[in-house]
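Please keep the sequence and the coordinates at hand while reading.

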Amino acid sequence: MSYLRLDGLARRYGETLAVDRVTLDIEQGEMIVLLGPSGCGKTTTLRMIAGFVDASAGRIVLEDREIGQLPPHRRDMGMVFQNYALFPHLAVARNVAFGLEMRTMTRAEREARVAEMLRLVKLDHLAARLPRQLSGGQQQRVAIARALAIHPKVLLLDEPLSNLDAELRQDVAREIRLLQRDRKLTTIMVTHDQQEAMAMADRLVVMRDGRVQQVGRQEDLYERPATPFVARFIGNSNIVSGTHTGGRLVVEGGSAITLAGAYAGDGPATLAVRPERITLAPPAGQAQAHGTVLLSSYMGAMVEHVVALNPTTQIIARAPSSGPAATQRFAEGESVSMMWPASSETLFDSSNHLVPNRTDAPRSNERISSHA
Amino acid sequence: MSAADIYRPSLGERAGEGAMTLLLVLSCAAIFLPLILTFYLSAFDEQMIVFPPRGYTLAWYSQIQAKFGAAIWTSLRIALAAVALSLLVGIPAGIGLQRYRFRGRDALSTFLLSPLTVPGIAIGLAIYVLAIWVEENTGVTLAGSLRLLILAHVLICMPWVVRLCLAGLSNHERTTEEAAASLGANPLMVIWRVTLPAMRPGIIAGALFAFIISFENLEINLFLVAPGMNTLSVAVLQYLGYHIDPLVAAVAVVQIVVVGAALMLLDRFVRIGQAIR
C-alpha cells in the first residue's frame, strides 16, 4: 500500500465535473507535480487533499487511514499558497510558530523549531520583521518554513513560484527540490508551467478537463506521450491530424507524411513529432515529409525552422545552432526534406489512443502505470 | 534642461488656482468658525450672551459638574453599553455577511443597515409606541427604563459596526484562514487568531463611530428617557428652554472634546475616509 492514495477522487460543481475520478499512488518522500492548463482540476485536487474542498466521490488514504472526512486542521498537511497567505499581523517568527502553537509543545521546543526552520530557509536575520516588510521571495520562504515547521505528513505547494520574478523562479525551484529531496518530504505541487514541473518532479501527473491524462516520469511523458494533449503540453510536439493509410498520413491540404514506424489500422489519426528530433536536409527522396521553409529564426542555442507542407499544415523543427549536431540553415522559401526516427514520432487513433509501432521493441505503457 | 522647457502656468491657470485656494479657505471657515465661536462664548463673563462681553471667565466650566454631571454620566453609560452590545452582534454579523452567500443575505444586510435610513425621530416614536403597546398587553414596563434606551441605541449603533466590520474585511485574504486551518487551527481558533486580528481596525472604527452616534443622540432619547433620568443631549435641550447663557456653550465644548478625542483615536487606527467609503 502506498503512503498516500487518491482513489477515484471526484468533485462536481453543479453540472460540471471539476475533477473526474483521479486515482494516484504516492510514495513516501516522493515529489509529485500536478500539471495542466488552468481549469484542468489540478488545484481542486490539491484542495481536496488539504481538506478545503469536499470530495464528491472517492477516498483519500494516508498511511492506511482514510482522511477524506477529516477537517483541514486534523490532516497534518503543510500547505504553501500561491499568494503565500502569511498572517499580516504577525512577525516572521510568529508566523512560523503558528502551527506549533496549535500543538502541545513546550516553549523551548517551539522556539528551537522556529529557529531551525528560519535557518533552513536562511531568514534567521529577519525573524522580527512583519510580512509586508519582506520581498516576495522572502515571503515565500517564510510560507515554506511555516508549512514545514509542523513536520507535515505531506507538503502541498499551490503554484509556489508563479508570484516570483522570472529570474528568481529557477533558483527557488532548485532550492525547493533540494530541500524536498534532502528532507524526504512527500510533496504534491500544482503548476501550469511545464518547465517548472519537469525540473522539480519525481513523477508528473498531466491533467486536462478534470481527468488524468498520464502519470509518469519526465522521460515517460516526453518519449511516450499517452495522448496528443500530453505530447503538445510536454515539450510542444508538432501535432498533425490526417488519415492514416498504407504507412502514410495524408494531412489536410493533401500533403502526405511518410511515417517512420509501422502501425496497424487505417483511418483518421493524429501524429505527434518532437521539433528537436527533426532533421532538415536538401530535398531528397527518402524522407518523412517535404516542404518549404516559411520562417527561419536564430534563437541563440537553437535554430528554429517553420516548414510549410502546404498552406494549411506547418511543422516546426528545432536544432542546436552549433556543435556536432548543429543544423544546416535554410533560407525562407527554400525547399527542404524532413526526417525523424520512429522513436520520435507517436501515432494516435481517432479516439486519441496510442497506436503501437510494430517494428519497435514493445513500447509498453505498463511501465508508466506500474512505476512506483 | 533649457529655460524654455520650464513650465509656466498661464494667467487663466493661476486665476483658477487662486479661486481654489479661496474656496478652501471659505470651506474651512464655515466648518471651524462655529466651533471657535462656541469656545469663545463659553468664556463670556455674562449672564446672557451679549456682545461685547464685560470680561472673560472659566467659571462656567466649574458649573458643568453640578448641572450636567449626572446627564453626562448617563450618556456615557448608555453609549458604552450600546457599543458593547453592538459589537457582540455586529462583529459576527459582519463576518457572516462577508463570508457566506445565502438566501436572504441581501435582505439581512439591508435590514441591519436600515436604521441608517430611518429618521431618528421616527425610530424613537416607533419604539415608544411599541413599548406602550407591550405594557398595555402584557403588563411589562418597558418605557422609561434604561434597558430599553440601551437597546434602542444598539439599533442605531449596529449599522456602523456592521458596515465598518465589512469594510475591514474587504481587504482580508481568506487564504490566511485556510493557512491557519492547515496548520492545525480549529474553526474557532481561526476566527480568534486570524479573522479578528484582520478586522481589528474595522472593529475599533465601528466601536468609536457607534460611541459617537449614541453619545450625540437626541431624537431617540427624547421619547425614551425616564422621568428624572436625563441624557446630556436632552438635558441641554431642556436647559436651553429656560436659559441662554455661556454654560450651554461650555457643555457643548465638553461634548466637542469628547467626540473629537474619539475621532482622533479613530484616526490613529483607520483613515476615516477609507473606512466609510
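A:His353 lies in the loop that joins β20 (345–349) to β21 (354–355) of chain A; here and below, helices (H or I, at least four residues) and strands (E, at least two) are DSSP runs, numbered from the N terminus. The model is predicted, so that local features need pLDDT of at least 70 and side-chain atom pairs count only at pLDDT 80 or more, while totals for chains, interfaces and linings use all residues. Residues are numbered from 1 along each chain as its sequence is written, and chains are lettered from A and ligands numbered from 1 in the order in which they are written.

A:His353 counts as exposed because it has 11 C-beta neighbours inside 10 Å. By definition, a residue is buried if 20 or more other C-beta atoms lie within 10 Å of its own, exposed if 12 or fewer, and partly exposed in between, with C-beta atoms placed from the backbone. Between A:His353 and A:Ala269 the C-alpha to C-alpha distance is 9.5 Å, although 84 residues separate them in sequence.

Chain A also contains an open sheet of five strands, in the order β15-β19-β16-β17-β18, with antiparallel pairing. Two strands pair if DSSP finds at least two bridges between them. At the edges stand β15 (279–281) and β18 (313–320) of chain A, each with a single partner strand, so one side of each has no neighbour in the sheet. Direction ignored, neighbouring strands of this sheet are turned against each other by 45 degrees on average. Within the sheet, the antiparallel strands β16 (residues 289–298) and β17 (residues 302–310) of chain A are joined by six bridges. A:Leu295 has A:Val306 of β17(A) as its bridge partner.

In chain B, the description turns to helices. Two packed helices are described by the angle between their axes and the distance between the axes. Axes are lines fitted to C-alpha atoms, for helices over the stretch in contact, and angles run from 0 to 180 degrees between N-to-C directions. Helix α5 (residues 146–169) and α7 of chain B have axes that come within 8 Å and cross at roughly 155 degrees. α5(B) is therefore roughly antiparallel to α7(B), since angles under 35 degrees count as roughly parallel, over 145 as roughly antiparallel, 65 to 115 as roughly perpendicular and the rest as oblique. The residues of this contact divide into 16 nonpolar, five polar and no charged; Ala, Val, Leu, Ile, Met, Phe, Trp, Tyr, Cys and Pro count as nonpolar, Asp, Glu, Lys and Arg as charged, and the others, Gly among them, as polar.

Helix α6 (residues 174–182) of chain B packs against α7 (residues 187–216) of chain B at about 140 degrees, with the axes 10 Å apart. α6(B) is therefore oblique to α7(B). Seven of the nine residues of α6(B) are buried, and α1 (42–50), β6 and α2 of chain A, together with α7 of chain B, are included in what covers them. Just after α6(B), B:Gly184 adopts a positive phi of about 110 degrees.

Note on methods. Two residues are in contact if their C-beta atoms, placed from the backbone, lie within 7 Å.
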